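Student: I'd like to go through the pockets of this model with you, and then the strands. Could we start with the open space?

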Amino acid sequence: MNSIQDKVVRRLQRLGRGKVVTPKDFLDLGSRDATDQALHRLVSSGALIRIGRGLYHFPRVSDRLGITVPPDLDDMADALGRQVGSRVAPSGAVAANRLGLSTQIPAVPVYLTDGRSRKVRVGKLQIQLKHVSPKQLPPGSPVSTAVFQALQFLGRDAVDDHIVALLRDRLTLAQRHTLLRDARYASDWMAAIARRTAAGDHASDPGDLHG
């Protein structure tokens with residue numbers, strides 16, 4: 001392999017199987033032409049799967065079924081955002097389902113973006129990017145944004161101890177700490193849920209959290 005392709009492969013291996021990438025993810029390794037050629041060769045060899053214009057899937061095979069696992073919807077949406085330099089976040093319905101807070105599965109998953117609206121189909125998967133104003137994509141980590149979108153979708157009256165327990169189980173300790181730190185971007189009632197979710201962790205006040 002040439003040096004650019006070798007570097008691309010090493011980065012893919014660091015990212016891990018199942019990731020969706022774009023040429024922009026490798027432009028620090030060489031020119032756009034060299035990057036495109038490296039990706040094309042990796043597709044030809046079967047190491048990558050081209051799933052759309054400028055979208056590539058580093059496939060993962062299920063140990064149990066022995067088949068290629070479809071790309072993750074969140075990874076696809078993030079990659080689409082990186083393509084055009086737009087922010088992307090799951091809509092409340094998508095976030096609630098993917099966090100295990102709701103069993104409702106949207107027929108067409110909707111992701112919010114400050115870029116243009118569009119629908120993208122990859123095989124049997126289809127997602128919709130819906131343009132919203134930047135203020136509807138609050139700052140904070142992607143996980144925190146997803147949690148607050150999910151809570152907004154569920155509504156204040158539907159969020160009980162069971163939902164808090166599900167969030168504690170779903171989020172890692174670091175993610176719960178980050179959620180508490182990002183609570184300053186949320187409404188008062190959702191900030192209270194963030195505090196309950198992080199209750200009992202070593203850091204219990206946003207001011208104590210750094211990084």
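Tutor: This is a predicted model, and in it the largest pocket holds about 620 Å³ of space.

Student: Which residues lie nearest the centre of the largest pocket?

Tutor: Of the 28 residues that line the largest pocket, those nearest its centre are Asp74, Asp78, Pro90, Pro142 and Val143.

Student: And which helices and strands supply at least two residues each to that lining?

Tutor: On the helical side there are helix 3 (73-84), helix 4 (92-98) and helix 5 (142-154), while strand 1 (20-21) and strand 6 (88-90) also supply at least two residues each.

Student: How does the lining of the largest pocket divide by class?

Tutor: The lining of the largest pocket has 14 nonpolar residues, together with 10 charged and four polar ones.

Student: Back to Pro90 for a moment: buried or exposed?

Tutor: Pro90, which lies in strand 6, counts as buried because its relative accessible area is 12%, and the cut-off for buried is under 20%.

Student: What is Pro90 in contact with, leaving aside its neighbours within four places in sequence?

Tutor: With those neighbours set aside, Pro90 is in contact with Ala95, Val110, Tyr111, Ala146 and Gln149.

Student: OK, what about the second largest pocket, what volume does it have?

Tutor: The second largest pocket has a volume of about 190 Å³, and the residues that line it include Gln149, as well as Leu112, Phe148, Tyr185 and Met190. Helix 5 gives the most to this lining, with three residues, and by class the lining of the second largest pocket has six nonpolar, three polar and one charged.

Student: Changing topic, which way do strand 7 and strand 9 run, parallel or antiparallel?

Tutor: Strand 7 (residues 110-113) and strand 9 (residues 125-131) run parallel and are joined by four bridges; at Thr113, the bridge partner in strand 9 is His131.

Student: And how many bridges join strand 8 to strand 9?

Tutor: Five bridges join strand 8 (residues 118-122) to strand 9, and these two strands run antiparallel, with Val120 standing opposite Ile127 in strand 9.

Student: What lies between strand 8 and strand 9?

Tutor: Two residues lie between them, the two strands forming a hairpin, and Gly123 in the turn has a positive phi of about 60 degrees.

How values were computed. Residues are numbered from 1 along each chain as its sequence is written. This is a predicted model: local features need pLDDT of at least 70, side-chain atom pairs count only at pLDDT 80 or more; totals for chains, interfaces and linings use all residues. Side-chain values use heavy atoms; hydrogens and water are left out. Two strands pair if DSSP finds at least two bridges between them. On a 1 Å grid over the protein atoms alone, a cavity is a set of points where a 1.4 Å probe fits but cannot get out, and a pocket is an open set with protein on both sides within 12 Å along at least five of seven lines; lining residues have an atom within 4 Å of a point. Grid points are joined across faces, edges and corners, and a volume is the space filled by probe spheres set on the points. Ala, Val, Leu, Ile, Met, Phe, Trp, Tyr, Cys and Pro count as nonpolar, Asp, Glu, Lys and Arg as charged, and the others, Gly among them, as polar. Buried means under 20% relative accessible area, exposed over 50%, partly exposed in between (1.4 Å probe, protein chains only). Contact means heavy atoms within 4.5 Å.
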